[in-house]
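This report describes selected local features of one protein model. Please consult the sequence and the coordinates alongside the text.

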Amino acid sequence: MLVLGIETSCDETAASVVEDGRRVRSDVVASQVLVHRPYGGVVPEVASRQHVATIVPVIRRAAEDAGIGLGDLDGIAVTAGPGLVGALLVGVETAKSLAYALGKPLVGVNHLAGHLAAVFLDEPPAPSAPGSPAAAPSGPPPSDPGPWQGPGPPFPHLALLVSGGHTALIRVDGPGLTALLGATRDDAAGEAFDKVGKMLGLGYPGGVAIDKLAAKGDPSVFALPRALPRRDDLDFSFSGLKTAASTLLRGRTALPEGDELADFCASFQAAVVDVLTRKSRRAVALHGLPHLVVCGGVAANRGLRAGLTAAGAEDGFRVYIPPPKRCTDNAAMIAAAGTMLLARGDRAPLDLSVDPGLPL
Ligand code: KG4
Ligand code: ZN
């Protein structure tokens with residue numbers, strides 16, 4: 001079964017062809033990072049316009065890379081929310097037009113369900129040729145494949161979903177069957193990375209820059225708090241950490257540079273990783289499910305990947321983390337989640353609408 005995935009929920013225009021929900025035949029991601037960088041964050045209207053300009057070449061490229069014509073598809077899966085309303089509309093309207101013109105089944109996918117499905121993908125394709133619309137994905141270099149462990153986890157399993165807009169611990173009972181166990185009460189982990197990156201003058205998105213610098217720093221130099229609201233629940237809070245980082249920086253005459261900057265990044269990253277790791281361990285212990293998926297953009301973070309892998313080895317649970325390029329936004333994960341829905345008979349009507357606040 002060949003499914004085209006389309007993802008335009010934020011600042012990545014992405015299309016991918018996935019076979020049988022698992023084998024990635026093509027994976028095209030046109031990142032808008034450089035377009036938004038001068039503004040220090042994603043400008044929604046600019047994002048929508050970029051999606052309009054890029055979506056058709058990106059889809060063409062995905063079909064070409066997969067070696068298929070669009071008529072060979074068995075279905076189309078598109079992100080219907082959550083995300084930026086104008087950005088989502090570009091993907092959904094394009095998907096509906098294609099589904100209508102080609103006479104193919106259409107399914108709307110929750111972006112978060114896409115992140116949860118990324119772990120079932122295998123066989124990363126060869127990199128696209130230079131000059132293609134596919135820009136380098138954000139996240140650590142591909143030389144770091146991370147602890148990719150092949151076949152996906154059994155159901156039920158636990159998932160730590162950490163992205164720019166969400167931080168949650170989830171029990172996944174089956175495709176599309178989830179229960180929220182805990183979530184952030186304020187900022188998402190990625191949001192904290194991006195805000196602190198901005199304070200440090202590292203530009204947008206801060207997460208990737210902090211990850212790189214942290215690798216060279218000493219995490220014990222700056223004392224930053226670990227917020228663990230009620231130790232035995234599974235909720236998170238990152239606003240206190242962000243405020244502590246801001247207070248520390250404002251108390252200085254100049255922003256840290258060189259080794260000191262690396263130490264600050266390492267200290268901040270360690271605080272985030274520590275909280276995420278402790279709560280994940282707690283979730284495994286509380287729910288007795290020894291399989292933990294880690295997904296979402298922040299799962300590309302090398303400190304988090306190492307921290308959770310070590311925790312799993314120590315406590316005896318298995319950790320599944322997609323390769324970095326499948327943690328940040330991509331359309332292969334949307335095709336994977338969409339295939340599961342299409343296979344069980346889900347179909348979206350041709351008046352499918354978007355929902356910027358769509359819950360999991
Ligand atoms: O999943 P994603 O690509 O988009 C959303 O659905 O939000 O996640 C983006 C977030 C951003 O906050 C970005 O800074 C963060 O993921 N991120 C990272 C890394 N790569 C991306 N944070 C820390 N370390 C990274 N290597
Ligand atoms: Zn995402």
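The model discussed here is predicted.

Leu88 lies in helix 3. Because its relative accessible area is 0%, Leu88 is buried. Apart from neighbours within four places in sequence, Leu88 is in contact with Thr8, Ser9, Thr79, Ala80, Gly81, Pro82, Gly83, Val354, Asp355 and Pro356. Val78 is 10 residues from Leu88 along the chain, and the C-alpha atoms of these two residues are separated by 9.0 Å.

## Backbone features

Two of the residues that contact Leu88, Gly81 and Pro82, are themselves joined by a cis peptide bond with omega of about -10°. Pro82 is placed in the loop between strand 4 (75–81) and helix 3 (85–102). A cis peptide bond also joins Tyr204 and Pro205, with omega of about -5°. Pro205 is found in the loop between helix 5 and helix 6.

Asp20 has a phi near 55°, a positive value in a residue other than glycine. The position of Asp20 is in the loop between strand 2 (12–19) and strand 3 (23–31). As background to these features, most residues other than glycine have a negative phi, and most peptide bonds are trans.

His115 and Asp329 link distant parts of the chain, being 214 residues apart. His115 belongs to helix 4 (residues 111–117), whereas Asp329 is in the loop between helix 10 (324–327) and helix 11 (332–343). Both His115 and Asp329 are buried.

## Packing of helices 8 and 9

Helix 8 (residues 258–287) packs with helix 9 at an angle of about 35°, and the two axes are 9 Å apart. Their crossing is right-handed. Helix 8 contributes Gln269, Val273, Leu276, Thr277, Ser280 and Arg281 to the contact, while helix 9 contributes Gly303, Leu304, Gly307, Leu308, Ala311, Glu314 and Asp315. Sorted by class, the contact comprises 5 nonpolar, 5 polar and 3 charged residues.

An α-helix has 3.6 residues a turn, so residues three or four places apart point the same way.

## Helix 6 and its surroundings

In helix 6, the residues Gly206, Gly207, Ile210, Asp211, Leu213 and Ala214 are buried. The buried residues of helix 6 pack against helix 5 (189–199), helix 8 and helix 9.

Ala262 is located in helix 8. Ala262 counts as buried because its relative accessible area is 5%. Not counting residues up to four places away in sequence, Ala262 touches Leu213, Ala214, Lys216 and Gly217. Ala262 and Lys212 are 50 residues apart in sequence, yet their C-alpha atoms are 8.7 Å apart in space.

How many aromatic pairs does a search of the whole structure find? The search finds 4. One of them is formed by Phe222 and Phe264, which are edge-to-face, at 5.0 Å centre to centre and 65° between the planes.

Ala299 is placed in the loop between strand 9 (291–295) and helix 9 (302–315). Is Ala299 buried or exposed? Ala299 counts as buried because its relative accessibility is 1%.

Leaving aside neighbours within four places in sequence, Ala299 is in contact with Val162, Val294, Leu304, Arg305, Ile321 and Cys327. One of these residues, Leu304, also takes part in the contact of helix 9 with helix 8. Pro322 is 23 residues from Ala299 in sequence, and the C-alpha to C-alpha distance between them is 8.1 Å.

Notes:
Residues are numbered from 1 along each chain as its sequence is written. Chains are lettered from A and ligands numbered from 1 in the order in which they are written. This is a predicted model: local features need pLDDT of at least 70, side-chain atom pairs count only at pLDDT 80 or more; totals for chains, interfaces and linings use all residues. Side-chain values use heavy atoms; hydrogens and water are left out. Helices (H or I, at least four residues) and strands (E, at least two) are DSSP runs, numbered from the N terminus. Buried means under 20% relative accessible area, exposed over 50%, partly exposed in between (1.4 Å probe, protein chains only). Contact means heavy atoms within 4.5 Å. Axes are lines fitted to C-alpha atoms, for helices over the stretch in contact, and angles run from 0 to 180 degrees between N-to-C directions. A crossing is left-handed if the near helix is turned anticlockwise from the far one by less than a right angle, and right-handed if clockwise. Ala, Val, Leu, Ile, Met, Phe, Trp, Tyr, Cys and Pro count as nonpolar, Asp, Glu, Lys and Arg as charged, and the others, Gly among them, as polar. Rings of Phe, Tyr and Trp (its six-membered ring) pair if their centres lie within 6.5 Å; planes under 30 degrees apart count as stacked, over 60 as edge-to-face and the rest as tilted.
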